[in-house]
Amino acid sequence: MSNIIQLLGQSYNISHHYEGLTTISELESYLTLADINRYSQLKADIEKNGINDPILYHTTANGIKLVIDGHIRLKACIELEISDILTKEIKEDFETLSDIQFWMVKNQCQRRNLTQIHKIQLACLHEEKIQQTAKDNLVNAGKGNNVEKAVDTLLEIAKIANVGRTTVARYKKVVSSGLVDIIEKMITEDLSISSAYKQVQKAIKNELNATMKTEVQEETQIESEVTETEIHKPQYVNDINAGMHLLRGNEVECLIMTKDENKVNDFVSQQPNVKYAVFIIED
């Protein structure tokens, strides 16, 4: 048999061909997230009890039985040289490889033994296709074409994973936070999605408060430095001619003549950055 398969108008390399079943890497590696960590236990169970869940395949236009679910189980069967394999045909009208991958995601998310985290992770694998559909809808709407309804990416992911939209939104918020410790605890389910989200929100708030405090301190310091730099002490002169001399030479900007020296400080404090000359008129 050829090592290449023609599928939906494209050519793909065959990964395995065993007992009439065929796999390609584009599907074989697509959902390893759900069961790669328990492969050893799964293989031991299959060796002892055989396959309980059938391997699902789709018959292509040229009659090839393409595996679309059960790649890990099939791998175990190949290694154990098991020939009596339970299978089931899935009849769907797939138009693209992405359609098959989408079906695989939905099928996996229906399994009861998957955790909420695993279901959301699997559903997020199809996020790019959902986003593209949303963009296509916007384009069509812009052209005046009828669009049945707007596509909410988070809601569509939630539907696939069979969880609430809020749960998906919180999961995405935690993942995008970059807070590795919290993310790892959520993925390993040491923290629930809700608890992880609350911790992220608290961390963001604390970081924001710290940033604002630092900025206020820096602004206060700058204002203090500017004030200290710009405040000018008034120059007292003994007669009006001396004051006029400073004024004409641009050594001062304002000449104050007053009988009450106490009013000088009040006047200067209103415009501390101005250079003054002061002449106290004596009776």
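Mentor: A salt bridge means a side-chain nitrogen of Lys or Arg within 4 Å of a carboxyl oxygen of Asp or Glu. Asp152 and Arg165 meet that way, at 2.9 Å from N to O. One caution: this is a predicted model, where local features need pLDDT of at least 70, side-chain atom pairs count only at pLDDT 80 or more, and totals for chains, interfaces and linings use all residues. Residues are numbered from 1 along each chain as its sequence is written, and side-chain values use heavy atoms, with hydrogens and water left out.

Trainee: Where do Asp152 and Arg165 lie?
Mentor: Asp152 is in the loop between H6 and helix H7 (153-161), while Arg165 is in helix H8 (residues 165-177). They are 13 residues apart, and the pair links distant parts of the chain. Helices here are DSSP runs of H or I with at least four residues, strands are runs of E with at least two, and both are numbered from the N terminus.

Trainee: How many salt bridges does the structure hold?
Mentor: It holds 7. Another one of them joins Lys129 and Asp99, whose closest N and O atoms are 3.9 Å apart. That pair also links distant parts of the chain: Lys129 sits in helix H6 (residues 127-142) and Asp99 in helix H4, 30 residues apart.

Trainee: What about Lys159 and Glu156?
Mentor: Their side chains form a salt bridge as well, 3.5 Å from N to O. Both lie in helix H7, 3 residues apart, about one turn of the helix. An α-helix has 3.6 residues a turn, so residues three or four places apart point the same way. Lys159 is partly exposed at 47%, and Glu156 is partly exposed at 23%.

Trainee: New topic. Which strands does S2 pair with?
Mentor: S2 (residues 10-18) runs antiparallel to strand S1 (residues 4-7), joined by 4 bridges. S2 also pairs with strand S3 (residues 21-24) in the antiparallel sense, over 4 bridges. Pairing needs at least two DSSP bridges between two strands.

Trainee: Which residues stand opposite each other?
Mentor: Gln6 faces Ser11 in S2. Ile14 has Ile24 in S3 as its bridge partner.

Trainee: And the turns?
Mentor: S1 and S2 form a hairpin with 2 residues between them, and Leu8 in the turn has a positive phi of about 55°. The hairpin of S2 and S3 also has 2 residues between its strands, and Glu19 there takes a positive phi near 50°.

Trainee: How many residues are in the largest nonpolar core?
Mentor: There are 42, and those with the most contacts inside it are Ile24, Leu27, Ile68, Ile100 and Met104. Helix H4 (residues 97-109) gives the most to this core, with 6 residues. A nonpolar core is a set of buried Ala, Val, Leu, Ile, Met, Phe, Trp, Tyr and Cys residues joined through side-chain atoms within 4.5 Å.

Trainee: What does Ile68 touch?
Mentor: Not counting residues up to four places away in sequence, its contacts include Leu27, Phe94, Ile100, Trp103 and Met104. A second, separate core has 14 residues, among them Leu21, Tyr57, Val67 and Ile85.

Trainee: How many residues of H5 are buried?
Mentor: In helix H5 (residues 116-124), 7 of 9 are buried, so the helix is mostly covered. Ile117 is one of them, with a relative accessible area of 4%. Leaving aside neighbours within four places in sequence, Ile117 is in contact with Tyr171, Met186, Ile187, Glu189 and Ile193.

Trainee: How many Å apart in space are Ile117 and Gln270?
Mentor: They are 64 Å apart, C-alpha to C-alpha, and 153 residues apart in sequence.

Terms used: Buried < 20%, exposed > 50% of the residue type's maximum accessible area, 1.4 Å probe, protein only. Contact = heavy atoms within 4.5 Å.
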